[in-house]
Amino acid sequence: MEHDLNGDDLELLSSAVGGALAEGFDIRHHTQWLPFVVHAAEIGYLYTGDEYWPLFAQKTPGWDSDPQWKINSNRGLIKRWFKKFAAEYGGIEPKGAFAANFNIIAWPITHAVMPVDLQRQMAQLLFEARAVLTSEMLEDPNVLGACLAARTGKYSERFQKLCWNQSLLGHIAAALLSGDDEGSPYLVQSTLVRLVADLTKENESRTWLAQAKRSAHSVRSRGFLPTGAALRAVQRGQSLSNVTNPKLLLQQGKDGWHLELELPDLSTLQTENSQVGEELQKRRPKIEGRRQPLPRGALLYPGRETMPAWPRPEIPIIQLEQGSKQVNELIARRCAINQGPWWLFRKQPGGIATEVKGRFVRPGREYILVGRAASKPPALPWVMETSILTDGVHAFDAIAPPVISEVEIIHLATAGLSVVSDVSIQPVGLTPAYWDGEGSVEWLAGEPVMLEVRSAQATETCSVRVNGGIPSLLEWPTGSQQLTFCLEDLDVGAHEVHVALLTSGTGMPFTSGSLSVTIRDPHPNLEAATEGSGIRLFATPARPKLAEIWDGHATLSVNGPTAMKAELTIVLRDDNGGELVQYQNGISLPFSDDAWKKLVAQEFRRVKWLNAHNAAESCEVSVSRSGVGFASLTCERGFHPLRWVLAKQHHGGYEARLIDRTDGANTEVLLFPAENPLTGERRDAGRPVAAPVNGGMLRAASDNVTAAIILPPDPNQLRQRPSTAKRGHIRPARCQIRLVVIVQPGIGQLSCQQGAPELRRIDPVDHPLISVDVDEFPDRNPPQRNRLGNRQRTLPALAFSSTWHQAALSGARRAA
């Protein structure tokens with residue numbers, strides 16, 4: 001919602017909403033509904049994924065003073081007003097899973113444009129997608145939103161749910177990618193300025209957004225560059241093949257060759273169907289030629305699988321078990337392999353043979369020719385049968401001679417093979433993501449596509465065409481056997497580059513060649529792929545935060561060779577990357593979700609892990625086995641512009657350190673000691689703050705960002721002081737409860753225990769323990785009293801207050 005109100009206007013609006021509630025919020029206030037819609041959207045902007053309505057009540061005094069039935073009625077009324085706003089003012093209707101599950105709060109949160117806690121992920125998403133931006137995306141927010149939504153597979157679940165509304169995502173992204181001095185047709189200027197200001201409070205987010213905007217500016221400016229600056233693909237047709245096609249590889253073993261299938265990352269298909277991501281996480285993939293399905297989520301990460309049988313052409317190579325018809329049909333269209341009946345593989349070092357998709361043979365090179373079991377190979381002396389362990393096919397060694405005769409060319413044609421000898425095209429410069437050594441090469445979007453044409457025959461001109469477009473004529477260097485050129489601005493997809501060498505007199509081509517160039521989306525999943533192919537680590541959600549790992553809301557599993565031992569390592573690191581604590585132990589593969597939950601319950605509750613978690617910024621989980629593979633996952637804490645870290649010193653006291661991601665220029669730190677809790681003492685934001693003996697509270701503020709922490713007292717120092725407390729009178733009671741408040745670093749708990757033989761009042765300023773005598777059950781019978789037994793009960797942590805006694809007494813009564 002873009003209201004263009006300044007801070008004073010918003011404060012006046014909130015006062016008006018509070019006044020209406022103070023007057024009873026009756027029918028006479030219902031006609032003036034628009035301020036309530038704006039107020040609710042403003043609270044949605046502050047929503048952090050916890051509960052919306054407690055935050056609403058906190059920001060709206062008087063909201064929760066009515067009976068519950070009236071509060072529920074008022075919640076429904078706010079939803080009706082948002083629907084009215086959408087109908088009369090063109091507001092956005094919430095869509096996706098979040099809107100389906102939270103059909104009331106989805107309205108104010110959607111109209112908040114972009115809640116504060118999701119802004120960092122938005123900046124990172126734009127940064128990671130900067131290489132695939134096109135002018136079409138920047139001109140059409142719906143196309144941009146679809147592209148970005150397909151890249152959120154590793155982001156938090158809340159952010160993914162927001163991005164399912166692709167139209168809203170695209171409009172926000174298009175506005176953020178506009179120039180610094182430009183307005184945006186998608187957001188009013190005040191909303192855009194506010195969003196950018198909040199988003200750029202953190203250094204890394206600011207850098208991400210700046211680089212994404214720079215890439216967008218470059219895309220917009222391409223049409224104004226001189227036409228002679230570089231070779232361009234003037235006309236680009238549709239992709240000739242799909243970048244999600246699996247790759248076929250042959251691996252040589254002791255007894256022969258066997259087929260391996262290199263699986264693609266299919267999360268990019270979300271641009272065509274929003275259900276793809278959810279089904280890839282929940283459904284097991286079935287691979288044609290493999291008996292057992294793969295684990296859930298296996299297609300969210302590139303990987304490699306051994307194939308016992310060669311895939312049959314009439315059956316889709318990849319399908320999802322119990323997947324929807326629409327998603328499986330999409331996967332069948334976008335994932336395909338060469339149908340045969342012959343496949344050509346060029347031998348590479350290390351016992352690997354890669355598929356030559358163009359199926360052409362070069363003199364003097366070695367190949368493996370694979371055909372269906374019933375097919376007949378070319379009748380050539382240098383094509384000899386070899387062993388292959390994959391069912392349904394037979395294989396032949398093909399060692400091409402230095403010179404291939406015309407008769408041999410005719411025999412090769414019976415298997416669909418051709419010969420290229422006069423001209424070669426190969427990548428140069430930056431190493432491509434993939435190169436089969438023959439006619440297929442892949443780069444990530446944003447990388448320079450540099451090619452070299454070699455020919456032993458003299459020529460003056462070379463013609464280059466991309467996807468059958470208008471040819472570009474390049475002058476051949478005099479006296480050289482090679483020509484190097486660069487292709488710019490190739491879209492994500494597959495492209496056919498055709499090269500022809502022209503005669504000097506007539507300009508007719510005397511020899512030609514072609515190369516299949518694939519530009520792949522530099523997807524985060526691809527960039528995060530692990531080096532080891534024998535071990536794979538899966539997480540749900542795919543990109544969990546540190547809190548999700550710590551609280552057990554995220555699960556991990558490891559796939560690998562059955563019954564093989566591997567080493568599991570878990571490391572907590574601070575904001576500088578330093579190691580805080582490490583767990584290392586052997587596990588047996590495969591390692592299930594249940595085994596992970598058991599491990600978390602045992603290890604993460606140990607004292608050393610509890611202490612380290614407070615200072616941790618990330619958690620690294622890695623699994624390795626020498627000679628098999630390696631897989632790792634890093635879980636970050638998430639964005640906190642200001643955060644306190646409390647550490648216990650060797651002498652027993654505590655020290656607090658501020659992590660400031662706001663540049664620290666305007667950060668103010670105040671210490672409120674327990675002796676004088678209403679007066680703040682200034683402290684240096686760049687230095688650690690030692691906790692006073694009696695404890696207190698630290699508060700850091702930078703603009704409108706604040707962070708506070710309770711400083712525990714030092715029990716060793718307090719015990720050395722003479723106590724001035726007097727024993728209080730113990731009232732006779734049939735049930736007595738002793739309440740003990742213990743403030744620990746990172747953990748605040750109220751512990752309630754029955755059966756204290758003796759109670760005394762102790763001032764919290766003089767001692768870290770508070771004991772309160774309570775007589776609450778004088779008329780209850782023993783069975784009711786004994787329900788408490790000797791069990792320990794945990795209540796929510798107390799907020800710092802100067803009225804500690806009242807808070808403790810109130811907590812004891814709630815416990816009773």
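Eight strands form an open sheet in the order β4-β2-β1-β7-β6-β9-β11-β10, and their pairing is antiparallel. The edge positions belong to β4 and β10 (383–386), each of which pairs on one side only. From one strand to the next, the twist averages 30°. The model described here is predicted, and every value below is computed from that model.

Within this sheet, strand β1 (residues 247–252) runs antiparallel to strand β2 (residues 257–263), and six bridges join the two. In this pairing, Leu249 stands opposite Glu260 in β2. In general, strands of a sheet pair through backbone hydrogen bonds, either parallel or antiparallel.

**The chain as a whole**

The chain contains 23 helices and 38 strands, and buried residues account for 48% of its 816 residues. When contacts between residues at least 6 apart in sequence are considered, 65% of them join residues at least 24 apart. The accessible surface of the chain comes to about 39,600 Å², and 49% of that surface belongs to carbon and sulfur atoms.

**A mostly covered helix**

Helix α11 (residues 166–176) is mostly covered, with eight of its eleven residues buried. The buried residues in α11 are Leu168, Leu169, Gly170, Ile172, Ala173, Ala174, Ala175 and Leu176. An α-helix has 3.6 residues a turn, so residues three or four places apart point the same way.

**Salt bridges**

Side chains of opposite charge can pair when their charged atoms come close. The structure holds 16 salt bridges, and three of these pairs are listed here with the distance between nitrogen and oxygen.

| Pair | N to O distance |
|---|---|
| Arg312 and Glu288 | 2.7 Å |
| Arg454 and Glu452 | 2.9 Å |
| Glu617 and Arg643 | 2.6 Å |

How far apart in sequence are the parts tied together by Arg312 and Glu288? Arg312 lies in the loop between β4 (303–307) and β5, whereas Glu288 lies in the loop between β3 (285–287) and β4, so this pair ties together parts that are 24 residues apart in sequence.

In the pair formed by Arg454 and Glu452, whose side chains meet in a salt bridge, Arg454 is partly exposed, with a relative accessible area of 36%, and Glu452 counts as buried because its relative accessibility is 10%.

For the salt bridge between Glu617 and Arg643, Glu617 is located in the loop between α20 (607–615) and β26 (618–625), and Arg643 in strand β28 (residues 642–648), so the pair ties together parts that are 26 residues apart in sequence. Glu617 is buried, with a relative accessible area of 8%, and Arg643 likewise counts as buried, at 10% relative accessibility. Elsewhere, salt bridges that share partners join Glu260, Glu262 and Arg304 into one network.

**Backbone features in the loops**

Most residues other than glycine have a negative phi, and most peptide bonds are trans.

Gln322 has a positive phi of about 60° although it is not a glycine, and it is found in the loop between β5 (318–320) and α15. Asn467 has a positive phi of about 55°, again without being a glycine, and it lies in the loop between β17 (461–466) and β18 (472–475). Is each of these residues buried or exposed? Gln322 is exposed, with a relative accessible area of 69%, whereas Asn467 is buried, with a relative accessible area of 16%.

Turning to the peptide bonds, the one from Gly340 to Pro341 is cis, with omega near 15°, and Pro341 lies in the loop between α15 (325–334) and β6 (342–348). The peptide bond from Leu589 to Pro590 is also cis, with omega near -5°, and Pro590 is found in the loop between β25 (579–588) and α19 (593–603).

How values were computed. Residues are numbered from 1 along each chain as its sequence is written. This is a predicted model: local features need pLDDT of at least 70, side-chain atom pairs count only at pLDDT 80 or more; totals for chains, interfaces and linings use all residues. Side-chain values use heavy atoms; hydrogens and water are left out. Buried means under 20% relative accessible area, exposed over 50%, partly exposed in between (1.4 Å probe, protein chains only). Helices (H or I, at least four residues) and strands (E, at least two) are DSSP runs, numbered from the N terminus. A salt bridge is a side-chain nitrogen of Lys or Arg within 4 Å of a carboxyl oxygen of Asp or Glu. Contact means heavy atoms within 4.5 Å. Accessible areas come from the Shrake-Rupley method with a 1.4 Å probe; for residues, only the protein chains shown count as cover. Two strands pair if DSSP finds at least two bridges between them. Axes are lines fitted to C-alpha atoms, for helices over the stretch in contact, and angles run from 0 to 180 degrees between N-to-C directions.
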